[in-house]
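The following exercises with worked solutions are intended for a reader who is new to this structure. Please examine the sequence and the structure before turning to the first exercise.

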Amino acid sequence: MNAAQPTIYLDNNSTTRMDPRVLEGMRPYLEEEFGNAASRTHAYGWRAAEAIERARGQVASLIGCQPREVIFTSGATESDNLAIIGRVIDSRLRSGRPGHVVTSAIEHHAVLDACRALARGRSIAGLDPIELTVLRPDRHGRIGAEQVREALRDDTAVVSIMMANNEIGTLSPVEDIGRVCRERGVPFHTDAAQAVGKVPVDVESQQIDLLSISGHKIYGPKGVGALSVRGRPPRVRLEPILHGGGHERGLRPGTLNVPGIVGLGLACEVARADLEEDARRIRALRDRLHSGITSGLDGVHLNGHPEERLPGTLNLSFEGVEGEALLVALQRLSVSSGSACTSSQPEPSYVLRAIGVSKDLAHASIRFGVGRFNSEEEIEFATGLVVSAVKRLREISSVATG
């Protein structure tokens with residue numbers, strides 16, 4: 001495809017365009033307000049520190065925690081690692097036992113890989129392997145609170161279940177899971193990178209102890225995120241996984257990314273103000289895309305929960321087509337395949353396979369991520385393109401096999 005040919009961006013689960021309001025607010029901290037927030041002896045540092053604390057409050061207001069409970073990181077991947085590995089190390093230091101972690105089979109690799117590293121004893125030199133319980137989701141991609149309850153042990157250091165799945169958009173019953181964990185005194189972590197700013201989040205009412213977010217999923221900058229660490233009783237304790245400088249309550253050392261943190265704070269502020277209207281409008285566009293595709297085609301399957309799902313996520317499998325061929329046919333659309341493939345070893349999406357989608361359908365799946373800046377005209381164009389592309393590919397396949 002000609003690189004100059006315009007495309008329609010429908011991959012907002014992967015990353016989002018920065019909101020102009022966020023960029024404008026960041027601009028001073030990319031130019032004249034360049035101070036280091038740790039410089040306590042002059043006005044440049046003071047103003048940077050004030051900006052950091054303002055952003056901390058903006059993040060806290062969106063997720064219902066206290067400002068001092070917000071720890072800034074480089075993104076949700078680092079937040080997930082700090083929450084899980086930092087919690088396991090602290091538990092081990094206090095109990096003297098290797099520990100146990102509960103997670104699910106459809107977590108983001110930031111969680112799964114951290115848990116597997118701990119289970120292999122390879123995350124921190126000298127640590128004995130933990131025991132890991134990986135829960136299987138139902139056909140919609142949900143983990144039930146009773147599954148978590150049955151998996152808990154006396155030595156469980158942390159439970160990590162994502163709030164919303166990045167491939168299928170399914171929302172987890174985090175409040176029920178949080179209640180079960182709180183009853184047993186086990187810290188509950190949720191990777192909420194896909195959910196924050198799109199659905200209501202309140203760590204207090206949902207009894208979430210550790211929550212990860214990422215700036216670029218909510219129309220903010222890349223390379224910045226946060227971890228909410230419960231400081232109120234029952235307080236959650238973590239050991240840092242990086243060392244040097246004592247920043248962020250000693251949990252995350254390193255010079256703070258002031259422009260990025262300002263951008264994250266502003267993105268949270270915008271999301272809090274616009275959440276209901278954004279969700280209503282985006283959900284309507286998503287449903288319009290879904291109904292348009294299914295009214296024009298048969299053999300289309302929805303992956304994920306039909307109702308308990310992110311407003312903008314639509315993951316569909318198409319019978320009778322090959323996923324890579326469909327992506328090529330849809331080059332006017334920026335979308336993602338449900339298949340995580342390499343040229344040498346193609347494998348279908350582990351998320352789709354975990355919820356029972358056949359290998360063929362998993363290979364023939366497309367994730368559409370509708371977002372804040374999509375229009376009705378774009379959705380109409382995308383609908384027509386998908387319908388015509390699938391019909392054409394099915395005809396080619398029919399001729400080839402006939």
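**Exercise 1. Determine how far strand β7 is enclosed, and identify its pairing partners.**

Step 1. Strand β7 covers residues 210–214, and five of its five residues are buried, so the strand is largely enclosed by the rest of the structure. Here buried means under 20% relative accessible area, exposed means over 50%, and partly exposed lies in between, with a 1.4 Å probe and protein chains only. Strands (E, at least two residues) and helices (H or I, at least four) are DSSP runs numbered from the N terminus.

Step 2. The model is predicted: local features need pLDDT of at least 70, side-chain atom pairs count only at pLDDT 80 or more, and totals for chains, interfaces and linings use all residues. Residues are numbered from 1 along each chain as its sequence is written, and side-chain values use heavy atoms, with hydrogens and water left out.

Step 3. Leu210, Ser212 and Ser214 point one way from β7, while Leu211 and Ile213 point the other way; all are buried.

Step 4. Strand β6 (residues 188–191) pairs with β7 in the parallel sense over three bridges; two strands pair if DSSP finds at least two bridges between them. In this pairing Thr190 stands opposite Leu211.

Step 5. With strand β8 (residues 225–229), β7 pairs in the antiparallel sense over five bridges. Leu210 stands opposite Val229 of β8.

**Exercise 2. Describe the open sheet of four strands and the helix that lies across three of them.**

Step 1. The strand order in this open sheet is β9-β10-β13-β12, with antiparallel pairing. Its edge strands, β9 (300–303) and β12 (336–337), each pair on one side only.

Step 2. Antiparallel strands β10 (residues 313–318) and β13 (residues 365–369) are joined by five bridges. Leu316 has Ile366 in β13 as its bridge partner.

Step 3. Helix α7 (residues 258–296) lies across β9, β10 and β13 and runs at about 15° to β10. Axes are lines fitted to C-alpha atoms, for helices over the stretch in contact, and angles run from 0 to 180 degrees between N-to-C directions.

**Exercise 3. Is Glu107 buried or exposed, and which residues does it touch?**

Step 1. Glu107 is placed in the loop between β3 (100–104) and α4 (109–120).

Step 2. The relative accessible area of Glu107 is 0%, so this residue is buried.

Step 3. Not counting residues up to four places away in sequence, Glu107 touches Leu112, Ser160, Ile161, Met162 and Tyr350.

Terms used: Contact means heavy atoms within 4.5 Å.
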